[in-house]
Amino acid sequence: MRANDPKKVSGELFTLTYGSLVAQLLKDYENVDDVNRQLERMGYNIGMRLIEDFLARANPGRCYDLRDTADKIQQAFKLYLGVSPSIGSWSPGGDEFSVVMETNPMAEFVELPEHCLGLRYSNILTGVIRGACEMVQLEVMAWFIADQLKGDNMTEIRVKFVKRLEDAIPAGED
């Protein structure tokens, strides 16, 4: 029944296309650290543009704190990747949390060769989170804690609030 589910088909097409992109980056760059940086940069640019589509489609309302933001990130993963990650492992100060996926759709059909063990294959996701948050005046850092491609039983992305970007808010719109 896969052929009858356009979301499943387009999701699989995306993962296969993404794999081709990563393979080409590995050919173009000297080492996996450069590829990791490039994937994060690409994700950042995607996140800066994707946030408008997300706000229009999901109509999520305003985020009043980082917990609201985490809920919106969870919604976006469901909307764009078809997975519902869990949000948890909050830091005592409430400024850091984890996005945990039991299955990473981007890692389907993927096996890392021995020379690519330092590759953060899904690093584009950390960039998307960072770029989208920046567009709503939040500076965050995002990085992988666990990765199924590296043998972990789940994929975990850690997100840390850095600061509110007040300068970016137009006068009178606070």
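Reply: Let us begin with burial, where buried means under 20% relative accessible area, exposed over 50% and partly exposed in between, with a 1.4 Å probe and protein chains only. Nine of the 12 residues of helix α4 are buried, so α4 is largely enclosed by the rest of the structure. Those buried residues are I124, L125, T126, G127, V128, I129, G131, A132 and C133. Helices (H or I, at least four residues) and strands (E, at least two) are DSSP runs, numbered from the N terminus. This is a predicted model in which local features need pLDDT of at least 70 and side-chain atom pairs count only at pLDDT 80 or more, while totals for chains, interfaces and linings use all residues. Residues are numbered from 1 along each chain as its sequence is written, and side-chain values use heavy atoms, with hydrogens and water left out.

Me: What share of the 174 residues in the protein is buried?

Reply: Buried residues make up 39% of them.

Me: How is the packing of two helices described?

Reply: One gives the angle between their axes and the distance between the axes. Axes are lines fitted to C-alpha atoms, for helices over the stretch in contact, and angles run from 0 to 180 degrees between N-to-C directions. Here, the axes of α2 (residues 32-58) and α4 (residues 124-135) come within 6 Å and cross at roughly 40°. That makes α2 oblique to α4; angles under 35 degrees count as roughly parallel, over 145 as roughly antiparallel, 65 to 115 as roughly perpendicular and the rest as oblique.

Me: Which residues of α2 and α4 meet?

Reply: Contact means heavy atoms within 4.5 Å. On the α2 side the residues include L39, M42, Y44 and I51, and on the α4 side they include I124, V128, R130 and M135. The residues of this contact divide into 11 nonpolar, five polar and three charged. Ala, Val, Leu, Ile, Met, Phe, Trp, Tyr, Cys and Pro count as nonpolar, Asp, Glu, Lys and Arg as charged, and the others, Gly among them, as polar.

Me: How does α3 pack with α4?

Reply: Helix α3 (residues 66-81) and α4 pack at an angle of about 125°, with their axes 12 Å apart. The two are therefore oblique to each other. T69, I73, F77 and L81 in α3 meet L125, I129 and C133 in α4. That contact comprises six nonpolar residues, one polar and no charged.

Me: What follows α4?

Reply: Q137 follows α4, and its phi is positive, near 65°.
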